[in-house]
Structure formats: structure tokens, C-alpha cells
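Hello,

Here is the structure I said I would pass on. Please open it and keep it beside this email while you read.

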Amino acid sequence: TKKMILDLDTGVDDALAIAYALAAPEVDLIGIVSSYGNCLVEQSAENSLKLLEILGATDVPVFIGASHSSTTDHFDVMQVSKDIHGNNGIGEVELPKAKRPVESQTAVDFLIEAAHKYTKDLIFVPTGPMTNLDAALAKDPAIAKLIGNVTFMGGALTVEGNVTPYAEANINQDAEAADRVMRSDLNIVMVGLDVTLRTLLTKNETSTWRELGTTAGKAYADITDFYIDAYYNLGIDKTGCALHDPLAVGVALDASFVDTIDLNMKVTYDENNYGRTIGDNARLNDATTNVKVAVNVDKDRYLGVFMDYLTKLFKN
Ligand code: BDR
Ligand code: CA
């Protein structure tokens, strides 16, 4: 079976990504590396540990990664992130304290080790900034040709950004790191706002989790309802919330959920275009491309699988 590592800034949709990866029978979740973004890196790691615990997955190790971007020395959580994901990243829901700590190995070293061990069987899924992956490539460039696939949530090609007219939040955290990743030898699939903003979850679905009467079902319903309410209150969407991060996990396991176009991508980071994900004109006529950009999604089929997986997981 394939092995998956998630790289999370554990907010609400990252929490849903953990559940999807655990529930999917076709993959082993071998670890979670932590990043900053929706919350601070320590909070992200703590959230992941707590969520794994209520999901009965106390064997999945959690690693600490970058606390800030490759071009800064400090990170503060944006107010809009707190509004969308809550001050603690998981919708203000208080989960029991995790019974185990994070691993002592760093996120970067864990990723490098896993790349050499599992090579083409390894799928790496960043659903936060690219800072960890960029640092791993810098430390051991050989991993670019080893890792089977990197499917990330981030960017926007055919629609506007959600932080600026160009920039999506994850890319906006560290555009330079994302640019280096795009230009590497990695096989990449970009699952951006082009498809995630079309893949919405409503309270009709979360209420079925609550009705299961289990700890996990209730916690995930409460966490996700905070996010659905935030989407409503901020006027992002009046019906539901975007399944950004769990869609990336779904596409990593079944590429047929989306239509993609092959492109050599870059990320611009000049002042006026910071964080824009766009085709690289300088490599437009290259014989090969390394990024598949998702531009359309079979959202009904995806939602069916998403609900099937998560409901089964929350039942136990
Ligand atoms: C992305 O930014 C984060 O807030 C979400 O968790 C998601 O990964 C959406 O732009
Ligand atoms: Ca995220």
C-alpha cells in the first residue's frame, strides 16, 4: 500500500484531511508534519495529536516543522484565520489533552528519511505553507526524484485568490518556498481554489456525524460547524464551507476526481503579485511538465466518498 505524510497547519479543514487519510483503506498515514498558518506550529501539532487521539489513531507520529516562512523570522496568526478556524485552530472546541508528545525528530528529517525508505510509494500532501518541503529539498535535493507524488492544497489558477486577488492563503504564507517547490523535479498535483471552492460541505452532512452519538462524530460536527458559520458570517459562502484540504487528500489517492492541465508553474513574489501561482512562460515550450493543475472536480462523487469514509471512521 501507498504511504502518506500530511503536512498540516491544523485548522478545521486540515482536521478533516486527517480523518479522510485515516479512513481511506487504500493508504497508510505514516506521519503528520506540522506547519504554521491557521495557527502557530505548536498549536497545529497539538491539534493533530488531539484529533488522532479521538480518532483512535495514537500510532501516527506527529513532528514539529517550520514556525515561520523562509523569508521571515517570526509569524503571527492573521485575524481572518482566527475568525475562520477559531483561536485554537479547531473551531474553539476543547478536546481532551493528548496523552503523548510530539516526536523528537524534526519534520524535515522525518520527510527525508521516509523519501529514501518508501521512494515511489510515498505521497506527500501539504495543506499549509510549503516551508517544510522547501527546507527538505534544500537539505537533500535527491528526494525530489524519490518521492512518488506531492499533491498540495494551495494556489489559484483560473479563479481569484482568497487573501489577495492573486494569492491563496497557503501560498501567500511563503511564496518563495512554493516557487522553489514548483520548479523542482517533484511530480506535483495542485489542488487549488479552482476546485476546492466548488466542493462544499453543509450542516446537513455535519448533523449526521453528530447523530452518530460518538465522541469523534460530535467533535467533528462541532469543529466543522464553527467553520461553516464563519463562511456564512464572513460572506464567503452562504450554504457551506470549502473542503480545501480533504479534497487534496482525495485527489492524492484518486486523481480521477479532478480534470487537470499539465503546466510548468511558478509562483511570483514581487510586491504587486506576491503569491500568484501561474504558468511559467520561460518554460512554456519545454518538452516535459511537472505540475498537474486541477481545474474541474466531480464534486458529487467526491462528496459521496468523503461522507462514506468519514461516517465509517466516526462510527467507531
Ligand atoms: C487553505 O488555507 C488554510 O486556511 C486552509 O486550512 C487551507 O489549507 C485555504 O486557502
Ligand atoms: Ca490548511
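Below is what was found, taken part by part. Please keep in mind that this is a predicted model.

Ligand 1

14 residues surround ligand 1. The closest of them are Gly-11, Asp-13, Thr-127, Ala-169 and His-244. Sorted by type, the shell around ligand 1 has 8 polar, 4 charged and 2 nonpolar residues. Three helices each give at least two residues to this shell: α1 (12–23), α7 (169–173) and α12.

Helix α12

How many of the residues of helix α12 are buried? The count is 10 of the 10, over residues 244–253, so this helix is largely enclosed by the rest of the structure.

The largest nonpolar core holds 106 residues. Within this core, Ala-19, Tyr-20, Ala-21 and Leu-111 have the most contacts. Helix α1 provides the largest share of the core, with 10 residues. As for Leu-111, if neighbours within four places in sequence are left aside, its contacts are Ile-5, Val-33, Phe-124, Asn-132 and Ala-136.

α1 against α13

Two packed helices are described by the angle between their axes and the distance between the axes. For α1 and helix α13 (residues 299–315), the angle is about 85° and the axes are 9 Å apart. An angle of 65 to 115 degrees counts as roughly perpendicular, and α1 and α13 are therefore roughly perpendicular to each other. On the α1 side, the residues that meet α13 are Ala-19, Tyr-20, Leu-22 and Ala-23. On the α13 side they are Phe-306, Tyr-309, Leu-310, Lys-312 and Leu-313. The residues of this contact divide into 8 nonpolar, 1 charged and no polar.

Ala-178

Is Ala-178 buried or exposed? The cut-off for buried is 20 or more other C-beta atoms within 10 Å. Ala-178 has 32 C-beta neighbours inside 10 Å, so Ala-178 counts as buried. Neighbours within four places in sequence aside, Ala-178 is in contact with Met-130, Gly-154, Ile-171 and Val-267. Between Ala-178 and Asn-272 there are 94 residues of separation in sequence and 17 Å in space, C-alpha to C-alpha.

Regards

Notes:
Residues are numbered from 1 along each chain as its sequence is written. Chains are lettered from A and ligands numbered from 1 in the order in which they are written. This is a predicted model: local features need pLDDT of at least 70, side-chain atom pairs count only at pLDDT 80 or more; totals for chains, interfaces and linings use all residues. A residue is buried if 20 or more other C-beta atoms lie within 10 Å of its own, exposed if 12 or fewer, and partly exposed in between; C-beta atoms are placed from the backbone. Helices (H or I, at least four residues) and strands (E, at least two) are DSSP runs, numbered from the N terminus. A residue is near a molecule or strand if its C-beta atom, placed from the backbone, lies within 6 Å of it. Ala, Val, Leu, Ile, Met, Phe, Trp, Tyr, Cys and Pro count as nonpolar, Asp, Glu, Lys and Arg as charged, and the others, Gly among them, as polar. A nonpolar core is a set of buried Ala, Val, Leu, Ile, Met, Phe, Trp, Tyr and Cys residues joined through C-beta atoms within 7 Å. Two residues are in contact if their C-beta atoms, placed from the backbone, lie within 7 Å. Axes are lines fitted to C-alpha atoms, for helices over the stretch in contact, and angles run from 0 to 180 degrees between N-to-C directions. Angles under 35 degrees count as roughly parallel, over 145 as roughly antiparallel, 65 to 115 as roughly perpendicular and the rest as oblique.
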